[in-house]
Amino acid sequence: ILSPNYPKNYTGGQTCLYSIIVSKDYVVFGQFTFFQTALNDVVEVHDGPTQHSRLLSSLSGSHTGESLPLATSNQVLMKFSAKSHATARGFHFVYQAVPRTSATQCSSVPEPRYGRRIGNDFAVGAIIHFECNPG
């Protein structure tokens with residue numbers, strides 16, 4: 001999914017809705033391969049088909065490489081609000097359908113952007129530890 005006019009700058013004063021639907025036996029896993037918005041422009045990603053569904057993430061600014069939490073639904077709604085007159089390049093969002101099984105979902109736990117995941121035990125009920133990079 002690309003923001004309007006990507007890779008060139010989007011224009012301000014617009015709101016865009018993107019609906020992602022995968023097969024019912026799957027959930028959505030996504031990542032921004034590029035993300036750059038003006039500071040007052042926001043992308044909200046909801047775990048479900050409406051803006052009232054649980055909020056997975058709300059991003060603004062620069063977040064390239066940002067993985068989203070794994071959705072619990074086979075539908076995700078993304079809302080891009082470009083309210084400011086300042087513009088930026090926008091975003092490139094990629095997603096995949098992941099089988100709705102605990103084993104698969106646990107193996108999909110991403111590394112944090114400024115840290116690392118400790119250990120490889122992703123069994124159901126296991127506790128996953130993370131640590132931040134120094135600085």
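Residues are numbered from 1 along each chain as its sequence is written, and side-chain values use heavy atoms, with hydrogens and water left out. In this predicted model, local features need pLDDT of at least 70 and side-chain atom pairs count only at pLDDT 80 or more, while totals for chains, interfaces and linings use all residues.

## Overall fold

The protein chain has one helix and eight strands. Helices (H or I, at least four residues) and strands (E, at least two) are DSSP runs, numbered from the N terminus. Along the sequence the pattern reads β-β-β-β-β-β-α-β-β.

Of the 135 residues in the protein chain, 36% are buried. Buried means under 20% relative accessible area; exposed means over 50%, and partly exposed lies in between (1.4 Å probe, protein chains only). The accessible surface of the protein chain comes to about 7700 Å². Carbon and sulfur atoms hold 53% of that surface. Areas come from the Shrake-Rupley method with a 1.4 Å probe; for residues, only the protein chains shown count as cover.

Contact means heavy atoms within 4.5 Å. Among contacts in the protein chain with a separation of 6 or more, 72% join residues 24 or more positions apart.

## The open sheet

Four strands form an open sheet in the order E1-E5-E3-E4, and the pairing is antiparallel. Its edge strands are E1 (14–21) and E4 (54–59), each pairing on one side only. Neighbouring strands here are turned by 15° against each other on average, direction ignored. Axes are lines fitted to C-alpha atoms, for helices over the stretch in contact, and angles run from 0 to 180 degrees between N-to-C directions.

Strands E1 and E5 pair in the antiparallel sense over eight bridges. Two strands pair if DSSP finds at least two bridges between them. Ile-20 stands opposite Val-76 in E5.

## Aromatic rings

The structure holds nine aromatic pairs. Rings of Phe, Tyr and Trp (its six-membered ring) pair if their centres lie within 6.5 Å; planes under 30 degrees apart count as stacked, over 60 as edge-to-face and the rest as tilted.

| Pair | Centre distance | Plane angle | Class |
|---|---|---|---|
| Phe-35 and Phe-91 | 6.3 Å | 20° | stacked |
| Phe-80 and Phe-91 | 5.3 Å | 90° | edge-to-face |

Phe-35 lies in strand E2 (residues 26–36) and Phe-91 in strand E6 (residues 90–99), so their pair ties together parts 56 residues apart in sequence. Phe-80 lies in strand E5 (residues 75–82), so its pair with Phe-91 in strand E6 ties together parts 11 residues apart in sequence.

Phe-35 counts as buried at 1% relative accessibility. Phe-91 is buried at 0%, and Phe-80 is buried at 0%.

Ring pairs link Tyr-10, Tyr-18, Phe-32, Phe-35, Phe-80, Phe-91, Phe-93 and Tyr-95 into a cluster. Elsewhere, the charged end of Arg-89 sits over the ring of Phe-34, 4.2 Å from its centre. That call needs NZ of Lys or CZ of Arg within 6 Å of the ring centre and within 35 degrees of the ring normal.

## Phe-32

Phe-32 belongs to the ring cluster and lies in strand E2. Its relative accessible area is 0%, so Phe-32 is buried. Leaving aside neighbours within four places in sequence, Phe-32 is in contact with residues including Val-43, Leu-59, Met-78, Phe-91 and Phe-93.
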